[in-house]
Protein chains: 2
Amino acid sequence: MRIAVVGGTGDFGLALAQRLVEAGEEVVIGSRDAERAEAKAAEIGAEGAANADAVRDAAIVVLAVKAEAALATAEGLREAIGGTPVLSVASDLRFTKSGVFPSDEERSIAERTQELLGAPVCAGLHSLAAASLAHGRADGDALVCGDDAEAKELALALAAKVVTGRSLDAGPLASARALEGLTAVIVNLNKRYKGHAGVEITGLP
Amino acid sequence: MRIAVVGGTGDFGLALAQRLVEAGEEVVIGSRDAERAEAKAAEIGAEGAANADAVRDAAIVVLAVKAEAALATAEGLREAIGGTPVLSVASDLRFTKSGVFPSDEERSIAERTQELLGAPVCAGLHSLAAASLAHGRADGDALVCGDDAEAKELALALAAKVVTGRSLDAGPLASARALEGLTAVIVNLNKRYKGHAGVEITGLP
């Protein structure tokens, strides 16, 4: 499938794109700056384009821009994305002296993105750090949630290609509140134990 | 240490108490009904008492009542608990046709409990199902968060006794937003894959 990674020149987006290229997928990296996208894409064997061009023929769009830009970027790409399924990976974190806090918002970035777009939105990959993904498939399982069954199948298939473990359906899009918050937990664990935490789900057949 | 389990006659509280007794801890089960607490406690080799009596000489109080009763119970025990560290384990879930939703509240039950009490509140054990805990230590790791370092050490020590894996410090109390939400993810995973999901953190030394 053709996968567009919006914000694909960032650390996470680029590492994700690289793993997807390795898995044999057709990947196009999007950036606000088409030339930058092309240059970065060339490094990993992907295509590069301005965000709006990148998403146009994609089977699925990964919104891999930073949390603070996620909603504005989604809104700007509303027409270009049309009905194409979207995978939101951003987490809204607040860095404080006493640790990393999850979002103060009631609803997740993914749910708010869903409201902005006509497309079905899923959320996932929040427990994968760019640093882990940069060197190969990330350790552990991927958790993906969403309200649209078909879009979620696509997102689960994509996620399965970038982790060593399984790609798991974590329920409705509202689960993104927990999955986005989990990033704060992981960052806190990494600080405390000086590691690269990932999540593995035990006890499933 | 002497551990009080408020709501210790419920499925989760009783299973937790049983594991703690097995680990050699002195456990007192609290219930609104002292007789019921005593009867249940006798089954597992713990003490039983009315909630307010149960918490009085405890080193740590586990608030194991259901989410809908957690805040009212904490408020009612405010004086009896005094400055004793509290471990909040409740998750506010909403069951819908399309799956289990995490809370609509900005803040976690644990943070709201912290505001009600004079005692330092931690949160944890959200990824442990009563059904898993009922038959022995729960598979996977326990995640514990809190703002008070001493209280968190106690809660981590308690949590370490009831899981097969590790007891991990997940950061400030605000992490409870993610940990409580994780229960929704786990319930959704259990439904979808017909298992008893637990969480294991990979990538830490």
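## Symmetry of the two chains

Chain A superposes on chain B by a rotation of 180° with 0.0 Å of shift along the axis. The model is a predicted one.

## Extent of the interface

The size of an interface is often given as the accessible area lost when the parts come together. Here, chain A and chain B bury about 3400 Å² between them. Carbon and sulfur atoms account for 62% of that area. In residue terms, 43 residues of chain A are in contact with 43 residues of chain B.

## Polar and charged contacts across the interface

Between chain A and chain B there are 17 residue pairs in polar contact, counting pairs with both residues at pLDDT 80 or more. The two chains are also joined by 4 salt bridges. Asp169(B) forms a salt bridge with Arg192(A). The closest N and O atoms of Asp169(B) and Arg192(A) are 3.4 Å apart.

## What chain A contributes

Which elements give two or more residues to the side of chain A that touches chain B? They are β7 (99-101), β10 (167-169), α9 (176-193) and β11 (198-202) of chain A. Of these, α9(A) gives the most, with 11 residues.

The residues on this side of chain A divide into 19 nonpolar, 15 polar and 9 charged.

## A strand pair between chains

The strand β11(A) pairs with strand β11 (residues 198-202) of chain B. The pairing is antiparallel and runs over 5 bridges. Within it, Glu200(A) has Glu200(B), in β11(B), as its bridge partner.

## Salt bridges in the whole structure

Over all chains, a search of the whole structure finds 22 salt bridges. One salt bridge links the side chains of Glu47(A) and Arg2(A), at 2.8 Å from N to O. Glu47(A) lies in strand β3 (residues 47-50) of chain A, and Arg2(A) in strand β1 (residues 2-6) of chain A, so the pair ties together parts that are 45 residues apart in sequence.

How values were computed:
Residues numbered from 1 in each chain as written. Chains lettered and ligands numbered in written order. Predicted model: local features only at pLDDT ≥ 70, side-chain atom pairs only at ≥ 80, totals over all residues. Heavy atoms only, no water. Contact = heavy atoms within 4.5 Å. Buried area = accessible area lost by both parts, 1.4 Å probe. Polar contact = N/O pair within 3.5 Å; in protein donor to acceptor, adjacent residues only side chain to side chain. Helix = DSSP H or I, 4+ residues; strand = E, 2+ residues; numbered from the N terminus. Nonpolar A, V, L, I, M, F, W, Y, C, P; charged D, E, K, R; others polar. Pairing = 2+ DSSP bridges. Least-squares fit on C-alpha atoms with pLDDT ≥ 70 in both.
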